[in-house]
Amino acid sequence: MIDKATPSPTAIGRVVATELKPATPHQFHFWTATETTVGIGAIVKVQGAGSTEQGAARVVYGVVTDGFAYSDLATPLHDVVGAEGDPARAADAPTARQEIRYWTAAVLRQTPEEPLQPVPLGQVFLADDADVAQALRMDAFLYSATPTAIPIGLYTSAGREAPVYLDADFLIGPEAAHLNISGVSGLATKTSAVEFLLASIFAHFPPHKGRVAAVCFNVKGPDLCFLDQPGNLSDEDRRRYDRLVVPAQPFERVKLYAPLKADGVNLNTLRTHPDLVGDVEPLTWGLQEVVDYAEVLLNRDDIDAKADAFIDFLRDRVLGRTFDDGFGGTHRVQSFADLDRLFRSIFDGLEITAGGRSDTWRTHHIATMRKVRNRLLNISTRCKGLVTDDGPASDLPWTEFEDRTVYVIDIANVDPLGQDLVFARVVSKLREQLERRELGVDAVVVFVDELNKYAPGDGPDTYVKKMLLDISERGRYLGLVLFGAEQFRSQVHRRVVGNAGTQVFGRMDMDELATPGYQVLTPATKSKLATLPIGELMVRHPHFTQPIFVRFPKPPVLRGRDGVERFPPAADVPFDDAVVRQLVRLDRRIRPNQVKDLIADREQDDVRRALAATRRTRPDDPLAYFRKVLGSRVAAEVPPAAPREHRAVQPLNPISDEPY
Amino acid sequence: MRLAHLADLHLGFRQFDRQTPKGTNQREADIAEVFRRAVDDLLEQQPDLIVIAGDIFHSVRPTNAAILFFFRELHRLRTGLPASPIVAIAGEHDTPRSTETGTILRLYEALGVDLAIEEPRRIVYPKLDCGVLAVPHQALAQAERPALRPESGGPTLNVLVSHGVHGGLGEERGTMEYGGAQLSRELLAPEKWNYIALGHYHTAQSVATNAWYSGSLEYLPPNPWGQLQDEAAQRGTRGGRKGKLERTGKGYLLVDVKSARVSFRPITPVRRHLDLPPVQAAGLNAKELDAQIAERVSAAKIDDQIVRLLVWDVDRTVARDLDHAAIREYKARALNFHLDLRRPESQRGAGSVAGAGVRRQTLTETVRDFLGRRPLDAELNRESFVKLGVDYLESVAREESP
Ligand SMILES: Nc1ncnc2c1ncn2[C@@H]1O[C@H](COP(=O)(O)OP(=O)(O)OP(=O)(O)O)[C@@H](O)[C@H]1O
Ligand SMILES: [Mg+2]
């Protein structure tokens with residue numbers, strides 16, 4: 001993986017120390033020739049006095065964090081005088097002044113580590129592959145019997161190039177986990193970087209750590225809709241893929257889930273091109289799934305223990321049970337319509353039976369109940385297509401997640417409340433299944449773009465925020481790993497960001513860099529960050545004592561924006577065509593007219609239900625199954641009412657005595 | 001519009017070896033009597049529509065007495081309520097086993113009863129602005145089921161009448177009879193109907209706000225004692241509030257179809273099922289247990305009732321030494337007195353599923369057990385029927401063994 005050190009390298013600089021600027025165990029200064037390839041972020045090696053043959057020489061690795069240039073000029077005025085006040089003539093000065101390139105480097109590693117001493121005043125070399133591995137303490141996990149190295153990009157500086165690896169034990173757990181990436185829109189390549197890193201994880205996740213999958217929430221347009229389609233890669237990108245030993249191919253196994261639109265048959269996603277829509281699984285949930293996560297719907301603007309208590313009551317005592325409302329009504333709530341009926345009868349009951357004098361029912365205040373009712377019924381109208389009375393049409397395969405598979409959940413077009421719901425339920429379910437070791441994989445990377453929306457630094461403690469906090473604090477033991485992305489790190493909850501073992505930065509905004517979170521960076525590093533080119537990232541990782549700059553290739557997948565150009569989304573089709581399309585997907589032999597005749601005067605939700613059942617069951621003969629679930633028609637008949645009603649019933653004949 | 005919902009009459013069902021003065025089986029007469037009382041109440045309540053959700057007769061070929069009796073009672077209803085249609089469906093018990101086996105149910109068409117015996121029927125009553133989809137057991141048991149949905153553009157009110165097992169109902173106490181067609185919420189779609197009248201489960205019970213089993217009119221198998229417990233459990237969850245649906249014992253349902261408000265019409269039983277408080281016999285000798293049994297019996301009015309006394313952990317020797325004369329006397333007083341002695345766990349043998357190392361039932365035992373319980377045509381003698389079955393089985397077994 002790593003090229004062996006080139007023989008007899010030449011020194012490019014020399015460590016210097018003055019009383020004013022001494023070398024310390026963690027920092028040193030060196031000078032180079034004026035013409036040098038060294039720059040901010042370059043990794044260098046200091047070879048102390050004493051020859052390498054003795055093996056006792058102290059070797060120090062450092063990363064350049066600042067640079068200075070100056071000459072022996074006493075004051076700027078001397079230069080003005082020398083050029084006789086004409087800048088154009090300054091270059092013609094008879095004697096060239098002595099000029100110096102002077103660099104500050106932060107120590108990455110010293111060998112031997114003990115005793116920790118100031119950096120020796122030795123020669124400075126550019127780091128090669130092996131040096132980079134040493135400097136970043138990657139040797140331990142790269143060359144071990146069970147390597148855990150995951151390539152994240154190439155260190156390219158000073159004309160050198162070396163792969164940089166993250167340690168899977170610190171990226172996916174259990175030692176540390178999670179990754180956070182931030183940077184300005186469009187230039188920081190946040191989404192792209194995560195896509196690339198997932199490809200890299202799938203290629204390099206060590207076998208001894210088991211099976212790994214990813215769950216990605218698509219929250220922006222078509223961003224993650226085409227992860228299974230190849231993108232345009234340049235030769236340079238391909239070379240980088242080779243260098244990092246990551247296949248330059250789109251994800252082999254991608255499962256896409258999208259809720260339906262309000263019509264219940266068209267998919268609410270931008271991946272609706274006829275060639276691709278077939279792979280999209282509808283995601284719909286029922287009352288049970290919603291009530292299980294009803295707190296999500298409430299805590300958005302207010303936390304209310306009373307509402308929680310009432311929701312618990314609904315869950316434990318009402319849902320799916322025979323329930324007496326105390327006003328003479330018996331309920332069995334299994335759908336939103338049932339729930340509405342229950343609420344109406346409680347409110348009516350309070351009004352009529354109690355004469356409006358009582359405003360509590362079974363210790364629950366009417367205001368609390370109204371609030372819960374509104375939120376629950378609200379979601380069923382606002383997220384129609386995600387939330388239906390029919391229950392799950394298809395859900396994620398909670399017990400059979402597959403190895404190296406990306407599960408994309410497209411909620412880009414869903415109401416924010418619905419997004420929270422999807423989010424809360426998916427992540428909670430993942431956690432639950434991982435805890436029971438029943439998910440089918442040992443680790444899951446959950447990618448959340450726009451993390452600032454879900455775990456903002458200010459505002460109330462929402463259910464989703466608490467959940468994200470919980471994952472970031474405990475997920476690493478479970479294999480539940482959060483990859484979060486946002487433009488401004490400072491807007492995300494501190495503990496969510498802080499718990500990310502690996503921090504990645506793309507091109508940053510200057511104002512953002514001025515916030516307290518970036519104080520540790522030198523001005524030079526900051527200005528590099530503020531001008532970082534596309535495709536370059538700064539990485540912090542537990543093994544790296546200093547942030548490191550890397551380059552990564554463009555992700556191997558079709559960019560969302562290009563995807564919708566190459567595969568333009570289809571217009572919504574009429575109900576019956578959408579049904580035909582979904583059935584044909586299950587069985588190419590089905591003829592559209594067969595289906596259309598079958599559903600001609602059926603109610604849409606019966607058709608949807610039959611369709612959902614067919615999709616769930618995946619029968620050998622989908623049409624026959626669909627027809628069966630739909631059921632045959634029973635024609636109406638009107639009994640000969642008039643004659644019969646007036647027909648006198650025959651008197652009983654005498655043999656029909658009372659038999660008992 | 002008010003609808004009366006009855007189900008599971010099981011006319012012709014016989015039980016216990018007790019005769020009426022007229023010489024019919026006493027239980028058969030009891031079961032007829034409660035239906036007669038229900039008809040009395042119906043004539044008073046005057047519902048606009050009467051539905052009977054299956055299992056009118058306990059068997060495909062009921063006794064002549066049962067056939068005649070039902071005819072007389074329907075006649076009474078038709079003359080008393082000439083404008084109220086009666087819709088009846090066949091249940092699991094009275095569905096002909098093959099199409100060739102005729103069915104006595106057709107007889108009642110002469111009275112103008114709208115029957116669905118094998119095929120589903122959608123019957124519209126323009127006067128009531130009501131459509132009834134009547135779906136008998138057979139229509140649900142076959143592969144191609146009808147769509148249980150109201151007709152689009154049909155009448156305003158829509159009622160579904162059907163017969164089958166909903167969800168896991170009755171599993172807990174073994175009160176759901178095996179063999180019913182499977183029903184589910186998806187299949188029934190309660191939200192589409194004004195009311196759904198179901199038969200098969202013998203305890204009155206809702207499966208959706210507007211979907212109910214009316215229950216039977218008498219305590220019938222399976223496990224009548226479990227049905228008593230079902231009722232107790234329902235009372236337990238309902239709290240003692242005023243205005244609740246009062247439901248003790250058996251009866252039928254009166255439904256305001258438009259609002260799906262359901263009220264229970266209890267029918268006074270002919271006799272009661274008494275489940276005496278169980279006795280724990282561990283550590284008791286025969287004398288002491290005798291005393292306890294006597295105490296339980298004297299605390300209840302067992303005469304002419306159907307009585308069970310469960311006694312736990314009775315040692316074989318204790319059971320042998322009980323005062324059998326006294327027990328015979330209880331048996332004589334009650335219509336049926338079932339002293340249900342249970343052996344201690346360690347002594348339990350065949351038939352019990354609990355406990356490790358328990359002997360499994362032999363095939364013969366299983367068959368004997370099944371034939372002893374399966375619904376039979378009334379004219380068949382169960383004892384000889386069971387014997388015949390077991391003989392067949394054993395002769396096959398003899399042929400097979402070398
Ligand atoms: N390694 C790379 N080399 C060159 N171009 C790249 C690279 N990675 C991404 N790009 C390009 O950079 C652009 C921005 O990338 P991306 O959408 O990932 O940014 P982002 O930070 O997620 O933006 P936003 O905040 O708007 O979501 C894309 O057009 C992408 O093709
Ligand atoms: Mg992005």
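Student: How many residue pairs are in polar contact across the interface of domain 1 of chain B and domain 2 of chain B?

Tutor: Three, with both partners at pLDDT 80 or more. That threshold matters here, as this is a predicted model.

Student: How do I read the size of an interface?

Tutor: Size is often given as the accessible area lost when the parts come together. Domain 1 and domain 2 of chain B bury about 920 Å² between them. Of that area, 67% is on carbon and sulfur atoms. In domain 1 of chain B, B:Phe16, B:Arg18 and B:Trp225 lose the most area to domain 2. Together they make up 68% of what that side buries.

Student: Now the two chains. What area do chain A and chain B bury between them?

Tutor: About 4,600 Å², with 48% of it on carbon and sulfur atoms. The contact takes 43 residues from chain A and 60 residues from chain B.

Student: How many salt bridges and polar contacts are there between chain A and chain B?

Tutor: The salt bridge count is six. One of them pairs B:Arg185 with A:Asp338. Their closest N and O atoms are 2.8 Å apart. On the side of chain A, the elements that give two or more residues include β13 (322–324), β14 (330–332), α10 (336–352), α21 (604–617) and α22 (622–630). Also among them are β23 (636–637) and α23 of chain A. By class, the chain A side has 13 nonpolar, eleven polar and 19 charged residues.

Student: Which element of chain A has the lowest mean pLDDT, and which the highest?

Tutor: Start with the general idea. Where pLDDT is low, the predicted coordinates should not be read in detail. Chain A has a mean pLDDT of 88, and 93% of its residues reach 70 or more. Helix α23 (residues 641–646) of chain A has the lowest mean among its elements, 48. Strand β17 (residues 405–410) of chain A has the highest, 98. Over residues 1–6 of chain A the pLDDT is below 50. Beyond near neighbours in sequence, that stretch has 19 contacts in the model.

Student: How do I read backbone angles?

Tutor: Most residues other than glycine have a negative phi, and most peptide bonds are trans. Now look at chain A. A cis peptide bond joins A:Thr111 and A:Pro112, with omega about -5°. Another cis bond joins A:Glu114 and A:Pro115, with omega about -10°. A:Pro112 is found in the loop between β5 (99–111) and β6 (123–126) of chain A. A:Pro115 also lies in the loop between β5 and β6.

Student: Where in chain A is A:His178 found, and what is its phi?

Tutor: A:His178 sits in the loop between α4 (168–171) and β9 (179–182) of chain A. Its phi is positive, about 80°, although A:His178 is not a glycine.

Notes
Residues numbered from 1 in each chain as written. Chains lettered and ligands numbered in written order. Predicted model: local features only at pLDDT ≥ 70, side-chain atom pairs only at ≥ 80, totals over all residues. Heavy atoms only, no water. Buried area = accessible area lost by both parts, 1.4 Å probe. Polar contact = N/O pair within 3.5 Å; in protein donor to acceptor, adjacent residues only side chain to side chain. pLDDT = per-residue confidence, 0-100. Helix = DSSP H or I, 4+ residues; strand = E, 2+ residues; numbered from the N terminus. Contact = heavy atoms within 4.5 Å. Salt bridge = Lys/Arg side-chain N within 4 Å of Asp/Glu carboxyl O. Nonpolar A, V, L, I, M, F, W, Y, C, P; charged D, E, K, R; others polar.
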